[in-house]
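Subject: Handing over the model

Hello,

Here is the structure I promised to pass on to you.

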Amino acid sequence: MTKYIFITGGVVSGLGKGITGSSLGVLLKNSGVKVFMQKFDPYLNIDPGTMNPIEHGEVFVTDDGGETDLDLGHYERFIDENLFKVSSTSAGKIYSEALETERLGKYEGKTVQVIPHITNLIKEKIYKAGEKSGADVIISEIGGTVGDIESQPFIEAIRQVRMEKGHENVMFIHVALLPYLRVSGEYKTKPIQHSVKEMLSLGIQPDVIVARTEGIIEDRLKDKISLFCNIPNENVIVCPDADSIYKVPLILKETNLHDIVAKQLQLKLNTLNISDWQKFVENIDASKEEIKIHIVGKYVELSDAYLSVMESLKIAGYDINKKIKFEWVNARHLTKENIQANLEGAIAILVPGGFGESGVEGKILAANYARVNNIPYLGICLGMQIACIEFARNVLNLSDAHTTELDPNTKNPIIDIMEGKDRENIGGTLRLGRYVTDLVEGTLAKELYGTNQAIERHRHRYEFNNDYKEMFEKAGMKFSGIYQEKDLVEIIELPEHKFFIAAQYHPEFTSRPNKPNALFKGFVQAASKNK
């Protein structure tokens with residue numbers, strides 16, 4: 001029977017529920033348990049696909065084309081498993097399904113209510129994850145903070161799951177803040193107590209409390225939390241701040257959290273073997289020399305907008321014992337007059353994805369600067385498209401070259417909308433998910449991947465216009481990756497350059513600890529050599 005672990009949060013948001021659940025997943029998986037993860041978000045958007053990255057962070061894409069919360073990126077990187085659309089559910093999606101069902105008359109005229117109709121739909125998503133994944137354990141994070149109005153249906157649903165599945169099959173882990181007051185020099189347990197009281201008022205007694213705090217606490221504080229929150233002392237897990245999220249599994253290993261979970265859920269664990277993870281963390285600590293990467297993006301106000309890009313660069317850096325430092329350049333503010341001041345001394349330039357007109361000309365300037373000055377360049381999605389536009393304008397002398405996304409009337413539509421794609425209806429209509437790219441012999445792409453094919457995830461609706469392919473090739477550009485089924489250009493490169501490569505897909509979504517994505521690994525190695 002599938003077992004269920006629910007991670008809730010209390011006091012404040014941003015305590016690391018996702019990292020806690022992911023780290024537990026690492027411990028259980030490396031103890032021989034098949035693990036799957038999912039996230040429930042209380043917001044009313046159907047999915048994050050149309051949300052502003054500056055407000056919400058990046059949109060992570062699953063193999064099967066789900067546009068999801070960035071936490072799923074952490075889940076995949078930690079447990080090294082590909083997740084599905086069912087791994088990400090919002091309140092908006094749940095309510096939308098309920099209303100559609102009502103409109104079709106499938107509720108047979110009954111009054112539609114939060115209980116049981118909304119909670120039943122939530123439970124369906126929980127159980128479906130178990131059926132689809134075939135996992136021994138499903139770890140589900142409930143977004144938001146206990147007490148939020150929006151999260152109450154989810155809390156009620158997981159309460160019902162325990163009633164239906166039993167105490168030995170369902171576990172509640174509550175992550176809450178244990179603040180340190182510097183004025184008085186004291187840790188305060190009262191916020192955790194109030195948070196658990198709120199949980200109890202909603203019918204849930206946490207089985208484990210993860211106390212998120214600045215440092216190691218005295219045993220008496222664990223005793224106090226245990227006494228006032230009705231759990232055994234050993235089930236109070238202290239998780240202090242760490243200088244890397246990848247150290248959290250090792251911290252939780254020392255608390256025996258995996259054994260506590262196994263005992264309640266009656267799981268049979270093999271001997272925990274976490275040597276590969278330990279080696280990865282040792283590489284982090286051994287990485288002293290810094291490499292500075294200039295990232296020219298349009299959402300730089302919130303670094304989480306490029307979270308998977310950042311983590312992919314870090315992972316690639318750790319692989320060669322280098323620490324990556326980020327130099328953020330706002331593409332919206334980049335001009336011909338200030339580009340030298342912003343990019344002078346750059347040893348590597350990365351231009352990530354994005355949507356809309358703002359910042360595009362700045363990104364084009366950055367691609368030009370990298371090409372002309374022979375600086376290692378990696379373009380992702382829009383970063384590939386603008387590299388093509390820059391090449392057309394400045395090498396092919398097609399001064400009005402553009403993308404029809406931004407200039408529908410351009411006489412030289414280097415980038416054009418894919419056949420069958422809708423320009424107006426933006427939600428969930430992109431080319432999404434996993435596709436196979438065939439790699440061309442004798443190219444940098446083929447050398448980096450070391451295989452005949454690259455299997456990567458996409459999120460776009462505009463593509464390179466093949467009408468210009470021959471013109472580009474004669475001028476020196478190489479099309480090194482092709483989606484054969486529809487003859488779509490997936491990778492471009494400049495062979496005479498130190499390192500100039502760009503992909504229409506998002507390679508950042510497949511980087512994992514100890515397994516850096518091939519394009520990021522090559523890019524960081526080129527940056528290291530260029531230093």
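In which loop is E405 found? Please bear in mind that this is a predicted model. E405 sits in the loop between β16 (402–403) and β17 (413–417). Its relative accessible area is 27%, so E405 is partly exposed. Leaving aside residues up to four places away in sequence, E405 touches F355, G356 and Y462. Y435 is 30 residues from E405 along the chain, and the C-alpha atoms of these two are separated by 23 Å.

Now the overall picture. The chain has 18 helices and 23 strands. Its radius of gyration is 25 Å, close to the 24 Å that the globule rule gives for 531 residues, so the chain is as compact as a globular protein of that length. Along the principal axes, the C-alpha atoms fill a box of roughly 75 × 60 × 45 Å. Buried residues make up 58% of the 531 residues. Of the contacts with a separation of 6 or more, 73% come from residues 24 or more positions apart.

The aromatic rings may be of interest to you. A pair of aromatic rings is described by the distance of the centres and the angle of the planes. The count comes to 23 aromatic pairs. One of them is F78 with Y246: the ring centres are 5.4 Å apart and the planes are at 20 degrees, which is under the 30 degrees cut-off, so this pair is stacked. F78 lies in helix α3 (residues 71–79), while Y246 lies in the loop between β11 (236–240) and α9 (248–254), so the pair ties together parts that are 168 residues apart in sequence. Are these two residues, F78 and Y246, buried or exposed? F78 has a relative accessible area of 4% and is buried; Y246, at 1% relative accessibility, also counts as buried.

F464 and F472 form an edge-to-face aromatic pair, with 5.1 Å from centre to centre and 85 degrees between the planes. Both F464 and F472 are buried. Coming back to F78 and Y246, they belong to one aromatic cluster together with W277, F280 and Y318.

Finally, some backbone details to look at. Which residues does a cis peptide bond join? The bond is between I115 and P116, with omega at about 20 degrees, and P116 lies in helix α5 (residues 114–133).

Two asparagines have positive phi values. For N230, phi is near 65 degrees, a positive value in a residue other than glycine. N230 is found in the loop between α8 (219–229) and β11, and at 48% relative accessibility N230 counts as partly exposed. N256 is not a glycine either, yet it has a positive phi of about 60 degrees. The loop between α9 and α10 (257–265) holds N256, which counts as partly exposed at 37% relative accessibility.

Note on methods. Residues are numbered from 1 along each chain as its sequence is written. This is a predicted model: local features need pLDDT of at least 70, side-chain atom pairs count only at pLDDT 80 or more; totals for chains, interfaces and linings use all residues. Side-chain values use heavy atoms; hydrogens and water are left out. Helices (H or I, at least four residues) and strands (E, at least two) are DSSP runs, numbered from the N terminus. The radius of gyration is taken over C-alpha atoms; the globule rule is 2.2 Å times the number of residues to the power 0.38. Buried means under 20% relative accessible area, exposed over 50%, partly exposed in between (1.4 Å probe, protein chains only). Contact means heavy atoms within 4.5 Å. Rings of Phe, Tyr and Trp (its six-membered ring) pair if their centres lie within 6.5 Å; planes under 30 degrees apart count as stacked, over 60 as edge-to-face and the rest as tilted.
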